[in-house]
Amino acid sequence: MSGNIELLSTTLAAARAEDRAALIAYLPAGFPTVDGGIEAVKAVIAGGADVVEIGLPHSDPVLDGPVIQTADDIALRGGVRIADVMRTVREAYEATGVPILVMTYWNPIDRYGVERFTAELAEAGGAGCILPDLPVQESALWREHADKHGLATVFVVAPSSQDARLATITAAGSGFVYAASLMGVTGTRASVGAQAQELVGRTRATTDLPVCVGLGVSNAEQAGEVAGFADGVIVGSAFVKAMLDAPDEAAGLDAVRSLAGELAQGVRKR
């Protein structure tokens, strides 16, 4: 079975045709439980998310701030495994038809086996992977198998990335480019920062891929600001925090559904 890279591309193109940015939501698998995590993904899609990233919980998430680290720890203590990540992708995709990606650090894939991971992700209906710590120059094996299975390879660029480096990264990637709005870890912030807009402009000069911005977006106003210059707005910590702060799982699902609705309105006010 082939993965859903084409669905990802058409979804992002459809948002652009509507003169808006896509809303991309992030939630870790296995949080608060595997079943609860699947329901949370369905809730953010019901609220208005166009694309969802499923985080593969990791014990040393170098890009992720304290909120996502807390959720990862809950998932890992609950015994989450890669099979649960694949199940989350499968059930979310089958229930909604929305493109679902996995965001993961490289070590779990390397240990699991690249061919096995890509084949299972494609079979589950996944659209691709975001790989924040895989150097482009070491990505040939991954890209070979991802291409074979119809999966996007999304690399992360940062404000520190020089123009020549941006060109190398974007030439190797597919699906979209993940532009980190600032130097640092994930988390909600009071402002997104002007360097994000500059990074998007420099990245677009190297590629025709959509450029989506993450790190720091937490409310509709910020989503609208980023939507003014980016093809997609990525929100993670705000969704996870809404789940963590809720008194119970049902309230958490209501909270992430409501937040997705507010953000979906925000990306339409570019």
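Hi everyone. Let me open with a term we'll need: a crossing of two helices is called left-handed if the near helix is turned anticlockwise from the far one by less than a right angle, and right-handed if it is turned clockwise. Please keep in mind that what you see above is a predicted model.

With that term in hand, let's look at helices H11 and H12. H11, covering residues 237-245, passes H12 in a right-handed crossing. On the H11 side, the contact is made by Ala238, Phe239, Ala242 and Met243. H12 answers with Gly252, Leu253, Ala255, Val256, Leu259, Ala260 and Leu263. The axes lie 8 Å apart, at an angle of about 150 degrees. Angles over 145 degrees count as roughly antiparallel, and H11 and H12 are therefore roughly antiparallel to each other.

Now to the core. The largest nonpolar core has 93 residues, and those touching the most other members are Val44, Ile100, Phe117, Trp142, Phe176, Val233 and Phe239. Which helix gives the most to this core? That's H12, residues 249-267, with seven residues. As for Val233, leaving aside residues up to four places away in sequence, its contacts include Ala21, Ile24, Val213 and Val267.

Finally, the sheet. Nine strands form an open sheet with parallel pairing, and their order is S5-S4-S3-S2-S1-S9-S8-S7-S6. At the edges sit S5 (152-154) and S6 (156-157), each pairing on one side only. Further in, S3 (residues 100-103) and S4 (residues 128-130) pair in the parallel sense over three bridges. Which residue of S4 stands opposite valine 102? It is cysteine 129.

Conventions: Residues are numbered from 1 along each chain as its sequence is written. This is a predicted model: local features need pLDDT of at least 70, side-chain atom pairs count only at pLDDT 80 or more; totals for chains, interfaces and linings use all residues. Side-chain values use heavy atoms; hydrogens and water are left out. A nonpolar core is a set of buried Ala, Val, Leu, Ile, Met, Phe, Trp, Tyr and Cys residues joined through side-chain atoms within 4.5 Å. Buried means under 20% relative accessible area, exposed over 50%, partly exposed in between (1.4 Å probe, protein chains only). Helices (H or I, at least four residues) and strands (E, at least two) are DSSP runs, numbered from the N terminus. Contact means heavy atoms within 4.5 Å. Two strands pair if DSSP finds at least two bridges between them. Axes are lines fitted to C-alpha atoms, for helices over the stretch in contact, and angles run from 0 to 180 degrees between N-to-C directions. Angles under 35 degrees count as roughly parallel, over 145 as roughly antiparallel, 65 to 115 as roughly perpendicular and the rest as oblique.
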